[in-house]
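Student: Could you take me through one part of this model slowly, namely the place where the ligand is held, and tell me what surrounds it there?

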Amino acid sequence: MRAPPPHPDAVGIILAAGRGRRMRSRRPKPLHCAAGKPLIRYPVELLNQCGVERVVVVTSPDNRNAIAGLLGDGVGYAVQAHPDGTADALACGLAALASLPPLVVVLAGDTPLVRAESVRKLLAEHAAAAGRRMSILSAADVFADDLGRIERAGVASAGRVGPVTAIVEAADRGHASPGPAEVNTGVYCFDGPWLAELITQVPRAPSGERYLTALAAMAVAAGDDIAAVPVALADEALGVNDRQQLAAVTTVLRDRINCHWMAAGVTILDTATTYIDAGVVIGADTVLLPNTMLAGHTVIGEECEIGPNSLIRDTAVGDRCRIVASVLEGARVQSDVSIGPYSHLRPDALIERGAHLGNYVEVKNSRVGAGTAAGHFCYLGDADIGQGVNIGAGAITCNYDGVDKHQTTIGDGAFIGSDTMLIAPVTVGHGAATGAGAVVTKDIPNAGRAVGVPARLLPPKEND
Ligand code: UD1
Ligand code: MG
């Protein structure tokens, strides 16, 4: 039986209904990707990692379908009719709940650097303080002019800081606040009933929006207990409001991902030119050479050598493979395969154990059997190629007649001569051979030999 979540009394609310105007994009901001993962997935996964299983995402009417299409039924949804500010968005999230939970955890949809261990710490400190109404996840010593700043009473002394008095938004402090400061990450824990009562009372800021961050000063004025809990890494506070911040956040994520895999036993020769998406898995003792991009849901086995100059997307690669300067997309590669330089595996290419694809080989929707070699420029599309086949330089499966795609089948142990054109649909039997330059329009039986244009069958060899 599954262990119950550590916070069964909590609901997580993710605010993702903002206009995201600063992105200057047709695509809703929560669907922009950092390290190959849509921004909105980060807070959803983070809440699950923290044991908060009931999650509501607040969307706008415009991005509702796109976000629900991505996240599915695992979370609930609320719609904020107008982007009236984060307080209004949170009120919409609360209104969508069937019952009010004792604990509400709030995250933004645009802060993918917040780490689960920081939110766990926030949850623990919030729970430990009896009567605490609001706990804010903050980050100290951050240079970021567009973030809300935590104001505290008194001056820091003897390692102690004064209590939080307010969160002051960039728009409300003008431009005269340079220098590092303690800032608001946009992650909070609230006492549920307290929040439900106060959220409707948040006044409009001069911008016309109602800021969730105003709750801090409101709580202090009412004598309620609030606190800010600083994160360990200052970069956790960085959010994505524009494309420059998207790049900055992606750089931090990339660095974290590279460090994770190096700690797991992967060698990365040049971290500055190695890009590994969040969804990638890599086995120990694999070496990544410069200019390598592992994207999407790629899985790489152990003791491989990848790169230099390779892009591998949504592809599974076995152990001990070597992939040089090649592009692999939606493919499966078994163990002990070598590929490249300059090969291209397209969707549904299956390269079986020990096969070799050399220079300029393109494979699409085809099986290349175990131990088969295609050493030099060729195209293999819609083909089922058996084991131990030799594909000569320049061979092509002519799979497209201008209207339909057709299948080529090549039996085990066949020998396809250089520059052979296989006009599909066509079958080359087990152990059959084609001569250089053959244009094969008819099936070749097992052990048969065909030469010429169009290819004609040769009589069996004397000693056959
Ligand atoms: C917000 C905080 C700021 C904090 C920063 C951290 C407010 C007023 N400010 O600023 O203190 O330092 O996050 O990244 O909360 N949203 C809605 N509906 C709205 C407006 C926003 O759902 O009407 C959502 C956005 O989609 C976004 C999140 O709330 O995911 C934060 O909004 P955003 O406009 O990015 O606020 P920031 O300026 O980043
Ligand atoms: Mg933001």
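Predicted model: local features only at pLDDT ≥ 70, side-chain atom pairs only at ≥ 80, totals over all residues.

**The surroundings of ligand 1**

Tutor: A second contact through the backbone comes from Gly109, where a polar backbone atom is 3.1 Å from an oxygen atom of the ligand. Arg22, by contrast, takes part through its side chain, with a polar atom of that side chain lying 3.3 Å from an oxygen atom of ligand 1. Taken alone, the ligand would expose 740 Å², and the protein buries 90% of that area.

The space that ligand 1 takes up is the largest pocket, and the elements that contribute two or more residues to the shell around the ligand are helix H3, residues 86–95, and strand E10, residues 181–191. Counting every residue that surrounds ligand 1 gives 24, and the closest of these are Leu15, Gln80, Gly85, Glu169 and Asn184.

How many of the residues in the shell around ligand 1 are nonpolar, how many polar and how many charged? The shell divides into eight nonpolar residues, eleven polar ones and five charged ones.

Conventions: Residues numbered from 1 in each chain as written. Chains lettered and ligands numbered in written order. Heavy atoms only, no water. Near = heavy atom within 4 Å. Polar contact = N/O pair within 3.5 Å; in protein donor to acceptor, adjacent residues only side chain to side chain. Areas by Shrake-Rupley, 256 points an atom, 1.4 Å probe, with all protein chains shown as cover. 1 Å grid on protein atoms, 1.4 Å probe; cavity = no way out; pocket = protein on both sides within 12 Å on 5 of 7 lines; lining within 4 Å. Sits in = over half its atoms within 2 Å of the grid points. Helix = DSSP H or I, 4+ residues; strand = E, 2+ residues; numbered from the N terminus. Nonpolar A, V, L, I, M, F, W, Y, C, P; charged D, E, K, R; others polar.
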